[in-house]
Amino acid sequence: MAIRVAHVGTGNVGRPALAELVTNPQFELTGLCVSSQDKVGKDAGELCGAGVATGIAAVDDLGAVLATKPECVVYCAMGDTRLPDAMADVMRILAAGINVVGSSPGLLQYPWGVMPDKYIARVESAAQQGNSSIFINGVDPGFINDLLPFALAGTCQRIERVRCMEIADYASYDGPEVMHYMGFGRPLDEVPMLLQPGVLGIAWGAAIRQLAAGLGIEIDQITESYQREPAPEDFDIAVGRVAKGTLAALQFEIRGMVDGRPAIVVEHVTRLRPDLRPDWPQPAAGGGSYRVEITGEPSYAVDVVPSSRKGDHNHAAIVGAAGRIVNAIPAVVAAPPGIRTTLDLPLVTGKGLYAPTDLVTT
């Protein structure tokens, strides 16, 4: 029997997540909640570009969606810039007895040691009240920082350091809120929200703390640093004009320190043009890739290059983030109540996803 699922949010991650819900027979879509008035009343299939009519019209009332009695809600509403609202939403859903998988709030990927205990306790209390569970993940923060490093680490005899990297050109990324949050196209004398002291450590702290927990490491502190590069001239990207002198390339690191040594490192190298800062790490192929490096015995360097028939590397990575959460639904529905993480869930193998195309190769 199909799992009854409702959906919240039709942004960059929400659209491909919704597309899987309406095309995968494992799921039955019961409702759709959106935040934009121009989307209200439109069919879910139209909003995600699936090319099918679902009979489910979008509403802007979360309560109405919960009233459809889904077993799980896929929560893809923006969390970075509206954390209190996103937290309130997921606690409301959990308390109603409905499981949650989602791309936000990102801190719930692994909140222990990152969020104050009183806030974690509120989420756990809502989950216990509703006998429901919640799993938040994505790509980075997400499976690049947990699933892949854990798989590699499980073959090692000794581990000295784990480094997870995203190296990508964001020129085609059509997410104005995220780009503003990172400071792209803004003067360098402004410090954007992401680069305010401590924010990087919070945003990726959950990923670092989860890796540490899985590896049995006690992190002493989390440190952070960044470098910025201005645009050499005016040029255009998906979200608009980047003026000369404004931010056009960004490199940052978040380090989980043990006895003064960086044991776990998350590094991002984000450019708006491939010619900027050629001395920084380059993607393995195309416009973007991810890299997991383990220094130890043995050592590993694994590059992950996302691609898609429907878009570029940025689109492919977003589809991967959506797939990570949607494909986890059966495991999350079956899980005990509370905040669930990659350390708790069984391996999600992609069961039921095989679908051959009519492409013929010779």
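Reader: What makes a group of residues count as the largest nonpolar core here?

Author: In this predicted model, the largest nonpolar core has 81 residues. A nonpolar core is a set of buried residues such as Val, Leu and Ile, joined through side-chain atoms within 4.5 Å. Val 74, Leu 194 and Ile 329 have the most contacts inside this core. It draws at least three residues from each of domain 1 (3-136 + 317-339) and domain 2 (147-305).

Reader: Which residues does Leu 194 touch, beyond those up to four places away in sequence?

Author: Leu 194 touches Tyr 181, Met 182, Val 199, Leu 200, Trp 204 and Phe 252. Contact means heavy atoms within 4.5 Å, so each of these residues meets that cut-off with Leu 194.

Reader: Where do Tyr 75 and Val 90 belong?

Author: They are among the 29 residues of another core, which lies apart from the largest one. Ile 98 and Ile 120 are also in that core of 29 residues. As a general point, nonpolar side chains tend to be buried together in soluble globular proteins.

Reader: How do you know that β3 and β4 are paired strands?

Author: Two strands pair if at least two bridges are found between them. Four bridges join β3 (residues 72-75) to β4 (residues 99-102), so the pair meets the cut-off. The two strands run parallel, and the bridge partner of Val 74 in β4 is Val 101.

Reader: What is the order of the strands in the sheet that holds β3 and β4?

Author: The order is β2-β1-β3-β4-β5-β14, an open sheet of six strands with parallel pairing. Within this sheet, six bridges join β1 to β2, and Ala 6 stands opposite Gly 31 in β2.

Reader: Why are β2 and β14 called edge strands?

Author: Because β2 (27-33) and β14 (338-340) each pair on one side only.

Reader: Why is β1 described as largely enclosed?

Author: Five of its six residues are buried, so β1 is largely enclosed by the rest of the structure.

Reader: What makes α1 mostly covered?

Author: Buried means under 20% relative accessible area, and seven of the 10 residues of α1 are buried. Those residues are Gly 14, Pro 16, Ala 17, Leu 18, Ala 19, Glu 20 and Leu 21. They pack against β1, β2, α2 (44-48), β3, α10 (313-326) and α11 (329-334).

Reader: Is the pairing parallel or mixed in the sheet that runs from β7 to β13?

Author: The pairing is mixed in this open sheet of six strands, ordered β7-β10-β11-β6-β12-β13. Its edge strands are β7 (221-230) and β13 (300-304). Neighbouring strands of this sheet are turned by 10° against each other on average, ignoring direction.

Reader: How do you know that β6 and β12 pair, and which way do they run?

Author: Since at least two bridges make a pair, the 10 bridges between β6 (residues 158-169) and β12 (residues 288-297) pass the cut-off, so they are paired. They run antiparallel. One of the residues involved is Ala 168, with Gly 288 as its bridge partner in β12.

Reader: How far apart are the centres of domain 1 and domain 2?

Author: The centres, taken over C-alpha atoms, are separated by 26 Å. The contact between the domains takes 14 residues from domain 1 and 15 residues from domain 2.

How values were computed
Residues are numbered from 1 along each chain as its sequence is written. This is a predicted model: local features need pLDDT of at least 70, side-chain atom pairs count only at pLDDT 80 or more; totals for chains, interfaces and linings use all residues. Side-chain values use heavy atoms; hydrogens and water are left out. Buried means under 20% relative accessible area, exposed over 50%, partly exposed in between (1.4 Å probe, protein chains only). Domain bounds come from an automatic or database domain assignment. Axes are lines fitted to C-alpha atoms, for helices over the stretch in contact, and angles run from 0 to 180 degrees between N-to-C directions.
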